[in-house]
Amino acid sequence: MKLVKCAVTVLLGLAAVGSTQADDTTSAHQFNANLRLNYYQVSKELHQHHDIVGATGDVKIESDWSESLTSKAEVRWHNPELDQSVAKPEVLEAFALWRSEQFDVKLGKQIVAWGRADGINPTDNLTPRNYSIQLPFEEDQRSGVSALKVNYFPDTQKTITFYLTPSFQPSKLPQSQARDIYFLDRQPTPTRSRWPFGLKFDMRGDQVDWSLSYFRGFKLLPEWQASDSANTVILHYPKIAVFGADVTVNLGRYGWRAELARVERDEPQTVSGFRSNWMLVTGVDRNFYDNLNVNVQLILQQNGNVADLASIAGSNERNMALVNAIRFNQESARKLGSTMRVGKKWLNDTLETELLVFSYFKPNTSYWRPLLTYSFKDDMKITVGAELYYGKANTYFGSNKPIQGLFTELRYIF
């Protein structure tokens, strides 16, 4: 807390200096809001509720206090089932940003996303996602963490980023259907010697952009650990260290991108827990005409010291190892997969269609999400889509078959 208070004091002092230097600058505030009505055929919380109507409200305020100081606050009220729950406000972001010629200093709750691959980013470990939220778009899964982020610009092409947070917020998965099982969620409390932090060097060019990164913190998804009680599962978030690199090359209508990460378990290895691994995502995207884009990627994950389920003594520990192997794609030493995203616009861009497919092989399992969005006018649009899961029940996507179904959203933008 002392760090946060000191940083706030510094930012306010810098803002005062910036205000005195910009005599003719007045504060400006930009307000954005939208109201969304959602229908889901099946609840994402695995409790088998059907034909669910929910509502969501988002409010965002961005303010320019001076030439050097700005702020942003975004709050969401999400009620996934109007007849079952009451909407509670969630602050997605709330930060102050001070800018100078060579520095950006951002303090507060913020979303920090790393990685240049499409959809699957092994270097993106800083802020969590909510995979169970009943909203249709990938950006809806994001929420921020209270942190300090500093960008240093040695020149117009380079950026050095420092990130530090005294807190930990995990990602959320759909709740398990397992009955008579009690989950003991042991979320870590970072100490001063173990505050999650990251460093990144980013280089931008005319055709080639690349970066190198390092993160030390905790796994955002928990591993299952056995306990003394047969019906109690411990949710543990391993300490990790991630060394990453990414690159994009743009050549006319073609773009090539790659993202590589070494994810190391930074604590003693357990019999059934998450394993250190290498992960590579690489692919090509191509624009056709002015309204069609195709993006295809290959996923390669090399796992170290994979658990031998047959040799694990005790059915409880063996079950934990199986769950973890499926969750972290570590059933075998090498895992292969692919992604494909095809998007096309029609009717003067008022109609947008997209097909997103994630697949893993051996065992075969996949996720399909077709989307169709039509804009009645600038401030009103409707989205219709589906989430479909294929594979056996003990596969990465197949385990989510109970929550597959159709959905639609009507959005009004203020």
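In this predicted model, P363 sits in the loop that runs between β18 (351-360) and β19 (365-377). The peptide bond that joins K362 and P363 is cis, with omega at about 5°.

N329 is found between α2 (315-327) and β17 (334-346), and its phi is near 55°, a positive value in a residue other than glycine. L347 lies in the loop between β17 and β18, with a phi near 50°, again positive in a residue other than glycine. Most residues other than glycine have a negative phi. Are these two residues buried or exposed? N329 counts as buried because its relative accessibility is 4%, under the 20% limit for that class. L347 has a relative accessibility of 56% and so counts as exposed, the limit here being over 50%.

The setting for these details is a protein chain whose secondary structure comes to 2 helices and 21 strands. Its radius of gyration is 23 Å, close to the 22 Å that the globule rule gives for 414 residues, so the chain is as compact as a globular protein of that length. Along the principal axes, the C-alpha trace spans about 70 × 55 × 50 Å. Of the 414 residues, 44% count as buried. The accessible surface comes to about 21400 Å², and carbon and sulfur atoms hold 57% of that area. Among contacts between residues at least 6 apart in sequence, 58% join residues at least 24 apart. As for charge, the chain carries 46 positive and 45 negative charges, and their mean positions are 5 Å apart.

Which residue partners the side chain of D202 in a polar contact? The partner is R116, whose side chain is joined to that of D202 at 3.0 Å. D202 lies in strand β9 (residues 197-204) and counts as buried, because its relative accessibility is 12%. Leaving out residues up to four places away in sequence, D202 touches R116, Q157, K158, T159, W210 and S211.

N121 is in contact with W114, G115, R116 and E259, once its neighbours within four places in sequence are set aside. With E259, the link is a side-chain polar contact of 3.0 Å. N121 lies in the loop between β5 (103-110) and β6 (145-152), yet this loop residue counts as buried, because its relative accessibility is 17% and the cut-off is under 20%.

Turning to the strands, I240 has its place in β13 (residues 239-251). With a relative accessible area of 0%, I240 is buried. Where does the chain come back to this residue? V263, 23 residues away in sequence, has its C-alpha 6.7 Å from that of I240. V263 is also one of the residues that I240 touches.

Two partly exposed loop residues complete the picture. E45 lies between β1 (28-42) and β2 (50-64), and at 25% relative accessibility this residue counts as partly exposed. E45 touches S132, P174 and Q175, with residues up to four places away in sequence left out. The C-alpha atoms of E45 and N394 are separated by 18 Å, although the two residues are 349 apart along the chain. P402 is found in the loop between β20 (380-390) and β21 (405-413). At 26% relative accessibility, P402 counts as partly exposed.

Terms used: Residues are numbered from 1 along each chain as its sequence is written. This is a predicted model: local features need pLDDT of at least 70, side-chain atom pairs count only at pLDDT 80 or more; totals for chains, interfaces and linings use all residues. Side-chain values use heavy atoms; hydrogens and water are left out. Helices (H or I, at least four residues) and strands (E, at least two) are DSSP runs, numbered from the N terminus. The radius of gyration is taken over C-alpha atoms; the globule rule is 2.2 Å times the number of residues to the power 0.38. Buried means under 20% relative accessible area, exposed over 50%, partly exposed in between (1.4 Å probe, protein chains only). Contact means heavy atoms within 4.5 Å. Accessible areas come from the Shrake-Rupley method with a 1.4 Å probe; for residues, only the protein chains shown count as cover. Lys and Arg count as positive and Asp and Glu as negative; His and the chain ends are not counted. The place of a charge is taken as NZ of Lys, CZ of Arg, CG of Asp or CD of Glu. A polar contact is a pair of N or O atoms within 3.5 Å; within protein, one must be able to donate a hydrogen and the other to accept it, and residues adjacent in sequence count only if both atoms are side-chain atoms.
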